[in-house]
Amino acid sequence: DTPRPSPRTNRTRRVPQVAGEGRGTCVRTLRVWHGCSAPERLAPICAGGFRAASGERRAGVDQYGKGCYFARDAALAARYAARLSEEAAAALAEHPARIVGARCVLLALFAAGDVAEGSHDRPRPLRIPGLPSGRRFDTMADRADDPSIVVATAEAQAYPAYIVCFE
């Protein structure tokens, strides 16, 4: 039997990770936005993908746990988007002068998997109750049932699809 979702967890995936666990194959994929506060990181993200945070936790930043943050709404992501320098624009565009000073957000495809409510005092996702393997939730979020902010905790969890630049 699969545990019922609680207000703090949303089990949307039923993919077996260990023999005997789970029965289905549904993985929820979201379209989410990422605002990059370090514009020099945009080109490496486009080339190599997003990286879940490593190293020390950042004070006042990791509100829902440690990882790479994404927003359901572009306006929220845009609040974190820094203006492009000449160097960052040159790395992104064939005609960089057109986007110098613009801000950019990335539209990403996000494999949410099993979602649990995150917390600043819990850097990693909780273990999923009732699974003998002790597997953890894949994603932390502001709310498990209808997240507006999701946190990638694995390297290949989000794929950068488009860059949107604006003034």
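Predicted model: local features only at pLDDT ≥ 70, side-chain atom pairs only at ≥ 80, totals over all residues.

Modeller: Residues are numbered from 1 along each chain as its sequence is written, and side-chain values use heavy atoms, with hydrogens and water left out.

Colleague: Why is Tyr 64 called buried?

Modeller: Buried means under 20% relative accessible area, against over 50% for exposed and partly exposed in between, with a 1.4 Å probe and protein chains only. Tyr 64 has a relative accessible area of 15%, and is therefore buried.

Colleague: Where does Tyr 64 lie?

Modeller: Tyr 64 is in the loop between α1 (42-48) and β3 (68-71). Helices (H or I, at least four residues) and strands (E, at least two) are DSSP runs, numbered from the N terminus.

Colleague: Which residues does Tyr 64 touch, not counting residues up to four places away in sequence?

Modeller: Contact means heavy atoms within 4.5 Å. On that basis Tyr 64 touches Tyr 69, Gly 118, Ser 119, His 120, Met 140, Ala 141, Asp 142, Ile 149 and Val 151.

Colleague: What makes the pairing of Asp 142 with Ser 148 a polar contact?

Modeller: A polar contact is a pair of N or O atoms within 3.5 Å; within protein, one must be able to donate a hydrogen and the other to accept it, and residues adjacent in sequence count only if both atoms are side-chain atoms. The side chains of Asp 142 and Ser 148 make such a contact at 2.5 Å. The side chain of Tyr 64 likewise makes one with the side chain of Gln 63, at 3.5 Å.

Colleague: Why does Asp 142 count as buried, given its loop position between β6 (139-141) and β7 (149-152)?

Modeller: Asp 142 has 11% relative accessibility, so the term buried applies.

Colleague: How do you know that β3 and β7 pair?

Modeller: Two strands pair if DSSP finds at least two bridges between them. Here 4 bridges join β3 to β7, and the strands run antiparallel. Cys 68 stands opposite Ala 152 in β7. Both faces of β3 are covered, with Cys 68 and Phe 70 buried on one side and Tyr 69 and Ala 71 buried on the other.

Colleague: Why is Phe 110 called buried?

Modeller: The relative accessible area of Phe 110 is 0%, so Phe 110 is buried. Phe 110 belongs to strand β4 (residues 103-111), and its contacts include Phe 70, Val 151 and Ala 152.
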